[in-house]
Every structure is written in C-alpha cells, then in structure tokens.
Amino acid sequence: MRRPIPLKLAYRLIGPGPVILVSSLFNKRPAITPIAWHMPVSDDPPIIALEIWEGHFLYKAILQTGDFVINIPSSRMAGTVCKLGSISGSRADKFKKFRLVKEASNEVKSPRLASAIGIIECRLRREKRLLDKYNVVLGDAVYAEAEKGAFSDRWLPEKAGPRIMHHLGGKIFYEPARRAF
Ligand SMILES: Cc1cc2nc3c(=O)[nH]c(=O)nc-3n(C[C@H](O)[C@H](O)[C@H](O)COP(=O)(O)O)c2cc1C
C-alpha cells in the first residue's frame with residue numbers, strides 16, 4: 001500500500017536515478033515506456049525532466065494528452081521492463097500484452113501502474129524550445145505517493161522489502177545494496 005507524500009519530496013523518488021515506467025494516453029490507448037534518462041529540475045515548484053525520443057509512441061501520447069505519470073517499478077519487474085522497452089505501444093497495448101494492471105490517477109488523465117512502488121503524476125510544461133530542440137519533456141508534479149516501508153522522506157534500501165533499480169545498460173540493472181554513510 002502507498003501513501004501520499006509531500007510534493008516537495010517527489011523529486012527524491014527519482015533523485016537516485018531509478019529506471020522509471022512513464023505512462024500516458026494516445027486516442028484512448030495507454031502508453032507505457034521505460035525511461036532511464038530523467039532528472040529533477042526543481043523541488044519548489046516540483047519539476048521533472050525526461051528525455052524521450054520523438055519517434056516513441058509515448059512522446060506522441062504525452063503531447064496529445066498533456067500529462068503523464070512516472071511509475072517507479074520494483075526490481076522484481078526487471079524482466080518486464082526489458083520487454084516494455086522492446087516493442088512500441090503504436091503496435092500493441094502494452095498493459096494488456098504484459099498483463100499489467102492500470103488504475104485511474106488522482107490529478108491527471110494518464111493511467112497509473114497499480115504495482116508501482118512510487119508514483120508521480122505530472123502535467124506537461126510546454127517549453128517549446130526544449131521540446132523542439134532536445135525532446136526534453138518537462139512535467140509539473142501535481143501528485144505523488146510511495147510504498148510504505150520502502151520510502152520515508154527518502155528511499156530505504158537498507159530495509160528488506162521492495163527496492164528501486166538502476167539501469168546500467170542493455171539488460172543489466174542493479175539494486176542499491178546498503179547505506180554507505
Ligand atoms: C531500461 C531502459 C531504459 C530506456 N530509457 C530510455 C530513455 O531514457 N529515453 C528514450 O527515449 N528511450 C528509452 N528507452 C527505450 C524505449 O523504452 C523503447 O524504445 C520503447 O520500446 C519505446 O516504446 P513506445 O514506442 O511504446 O513509447 C529505454 C529502454 C529501456 C529498456
């Protein structure tokens with residue numbers, strides 16, 4: 001079970017750089033795509049940047065819908081993340097194909113991934129120069145939640161339970177192992 005967290009802390013859900021699954025909608029078809037290139041831009045107001053290739057179904061969906069959801073998968077989903085990154089939502093509904101459960105978002109039209117351990121709902125900021133030149137999608141975070149026990153005011157990798165994962169390249173991911181300091 002997740003609980004709402006303050007938006008000022010939303011950037012800490014992705015601050016360590018976990019791989020994320022970004023969802024949106026295009027002509028009522030859901031999009032869900034793994035994204036490793038992302039970063040917090042500001043904590044107040046909370047703004048997050050994603051780098052999305054313009055040929056991706058997800059990119060078209062975000063431009064049409066005007067919002068998106070950052071779903072943080074647990075490391076148990078590594079295999080599914082690879083599969084989601086190997087086909088395009090323009091050819092298949094990836095939620096259906098990989099038996100992923102959708103749920104309605106609180107503040108945006110885009111659907112959320114029910115099994116995510118963290119959620120950030122975002123509204124697209126239409127920064128024309130960044131979009132046109134670099135495909136940098138900026139989102140204003142409008143709602144966030146995180147799995148109880150896995151996130152307090154930060155992720156808790158030192159605890160047993162679901163963990164975020166980082167992408168090293170290809171099909172290699174790692175979990176943060178323990179607290180260093
Ligand atoms: C772990 C992982 C990370 C990825 N990161 C990005 C990324 O940051 N930006 C991007 O444009 N594509 C990224 N991709 C590629 C897309 O996820 C992939 O091409 C996907 O099939 C596009 O789906 P779509 O057309 O349904 O949007 C990544 C793929 C994987 C597996």
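**Entry 1. The shell around the ligand**

How many residues of the shell around the ligand are nonpolar, polar and charged? I found 13 nonpolar, eight polar and one charged. For this division, Ala, Val, Leu, Ile, Met, Phe, Trp, Tyr, Cys and Pro count as nonpolar, Asp, Glu, Lys and Arg as charged, and the others, Gly among them, as polar.

I noted that the model is a predicted one, in which local features need pLDDT of at least 70 and side-chain atom pairs count only at pLDDT 80 or more, while totals for chains, interfaces and linings use all residues. The numbering starts from 1 along each chain as its sequence is written.

I then listed the shell itself: 22 residues surround the ligand, and the closest are W37, H56, G85, S88 and G89. I took helices (H or I, at least four residues) and strands (E, at least two) as DSSP runs, numbered from the N terminus.

**Entry 2. The chain as a whole**

I counted five helices and twelve strands in the chain. The C-alpha atoms fill a box of roughly 45 × 35 × 30 Å along the principal axes. I recorded that 38% of the 181 residues count as buried. A residue is buried if 20 or more other C-beta atoms, placed from the backbone, lie within 10 Å of its own, exposed if 12 or fewer, and partly exposed in between.

I looked next at β3 (29-35), where six of seven residues are buried. β3 pairs with β2 in the antiparallel sense over seven bridges; two strands pair if DSSP finds at least two bridges between them. One of the bridges joins S23 to I32 in β3. The two strands form a hairpin with two residues between them. N27 counts as exposed, because it has 8 C-beta neighbours inside 10 Å.

Which residues of helix α2 (residues 57-65) are buried? I found F57, L58, Y59, A61 and I62. They pack against β2 (20-26), β3, β6 (67-72), β9 (118-125) and β10 (136-147). Two residues are in contact if their C-beta atoms, placed from the backbone, lie within 7 Å.

L58 is also among the residues with the most contacts inside the largest nonpolar core, which has 46 residues. The largest share of this core, five residues, comes from α2. Such a core is a set of buried Ala, Val, Leu, Ile, Met, Phe, Trp, Tyr and Cys residues joined through C-beta atoms within 7 Å. After the helix I noted G66, whose phi is positive, near 80 degrees.

**Entry 3. Two further loops**

In the loop between β4 (38-43) and β5 (46-51) I located P45. A cis peptide bond joins D44 and P45, with omega about 5 degrees.

In the loop between α5 (128-134) and β10 I located N135. N135 has a positive phi of about 55 degrees although it is not a glycine. N135 is partly exposed, with 16 other C-beta atoms within 10 Å.

Technical notes. A residue is near a molecule or strand if its C-beta atom, placed from the backbone, lies within 6 Å of it.
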